[in-house]
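Please read the points below beside the sequence and the model. They are arranged by topic, and each can be checked on its own.

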Amino acid sequence: MEIREYLDADLMEIIALFHQTVHRINIRDYTPRQINAWAPHNIDIDIDAWRESLTAHNTFVATDGSKIIGFGDIDSSGYLDRLYVHHAYQRRGIASALCDRLETSVRAERIMVHASVTALPFFLRRGYHIVKEQLVERRGVTLKNYAMERLLKPNANSEVL
């Protein structure tokens, strides 16, 4: 596995990985209706919005050869927006490696994430704590997730002067 920075050429493969992961992994914790609202089959995703977001954030891609097996992105404030691993590559340390890279790529005192029910145990193991349980709406359907944060050591991501 290699972790590298996102390239525009990765966009469609990343969107497909997102869709497949939600439908094959998150289905354990959400109803089919919720899954289809989160990642619809007709992929009525705003591709330009994805491109803009992934480009504006620190975005990293995990690869196995030329295949993308995971990706994640974080903004400059420390908001970890997305973290997904291909369904066939789960439980191999890919999410942890991506998260390590994301967390150290920003100069923030805390990292925040809105974790799915599925991702909750992963983030708890990493030292995140639940700020609040919340209900969010996607395409008229309500889904549960968790606002979480992890406080970093002061200046942990700062250069030593």
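1. Accessibility is used throughout this note, so the classes come first: buried stands for under 20% relative accessible area, exposed for over 50%, and partly exposed for what lies in between, with a 1.4 Å probe and protein chains only. By this scale Arg4 is partly exposed, because its relative accessibility is 21%, whereas Asp10, at 6%, is buried.

2. The model is a predicted one, in which local features need pLDDT of at least 70 and side-chain atom pairs count only at pLDDT 80 or more, while totals for chains, interfaces and linings use all residues. Residues are numbered from 1 along each chain as its sequence is written, and side-chain values use heavy atoms, with hydrogens and water left out.

3. Eight salt bridges are present in the structure, a salt bridge being a side-chain nitrogen of Lys or Arg within 4 Å of a carboxyl oxygen of Asp or Glu. One of them joins the side chains of Arg4 and Asp10, with 2.8 Å from N to O. Another pairs Asp48 with Arg51, whose closest N and O atoms are 3.1 Å apart. These two residues are three places apart in helix H3 (residues 47–56), and therefore about one helical turn separates them; helices (H or I, at least four residues) and strands (E, at least two) are DSSP runs, numbered from the N terminus. Asp48 is exposed at 52% relative accessibility, and Arg51 is partly exposed at 32%.

4. Which residues are linked in a network of salt bridges? The network is made up of Asp100, Glu103, Arg126 and Arg150. Arg126 belongs to the loop between H5 and S6 and is buried, with a relative accessible area of 16%. Its C-alpha lies 9.7 Å from that of Asp100, although the two residues are 26 apart in sequence. The side chains of Arg126 and Asp100 also make a polar contact of 2.6 Å, the term standing for a pair of N or O atoms within 3.5 Å, where within protein one must be able to donate a hydrogen and the other to accept it, and where residues adjacent in sequence count only if both atoms are side-chain atoms. Beyond four places in sequence, Arg126 touches Ser96, Cys99, Asp100, Glu103 and Arg150, contact meaning heavy atoms within 4.5 Å.

5. A nonpolar core is a set of buried Ala, Val, Leu, Ile, Met, Phe, Trp, Tyr and Cys residues joined through side-chain atoms within 4.5 Å. The largest such core has 27 residues, of which Leu80, Leu83, Phe123, Tyr128 and Met148 touch the most other members. At least two residues each are supplied by several elements, including strand S2 (58–64), helix H4 (94–104) and strand S7 (141–151). H4 gives the largest share, six residues. A separate core of 19 residues includes Ile35, Trp50, Ile68 and Tyr84.

6. Seven aromatic pairs are found in a search of the whole structure; rings of Phe, Tyr and Trp (its six-membered ring) pair if their centres lie within 6.5 Å, and planes under 30 degrees apart count as stacked, over 60 as edge-to-face and the rest as tilted. Phe71 and Tyr84 are stacked, because their ring centres are 5.7 Å apart and their planes meet at 25 degrees. Since Phe71 lies in strand S3 and Tyr84 in strand S4, this pair ties together parts that are 13 residues apart in sequence. Phe71 is buried at 0% relative accessible area, and Tyr84 is buried at 12%. Phe123 and Tyr128 form an edge-to-face pair, with 5.0 Å centre to centre and 75 degrees between the planes, and both residues are buried.

7. Ring pairs also link Phe18, Trp50, Phe71 and Tyr84 into a cluster. Over the ring of Trp50 sits the charged end of Arg82, 4.7 Å from the ring centre; a charge sits over a ring if NZ of Lys or CZ of Arg is within 6 Å of the ring centre and within 35 degrees of the ring normal. Arg82 is buried, with a relative accessible area of 12%, and forms a salt bridge with Asp81 in which the closest N and O atoms are 3.6 Å apart.
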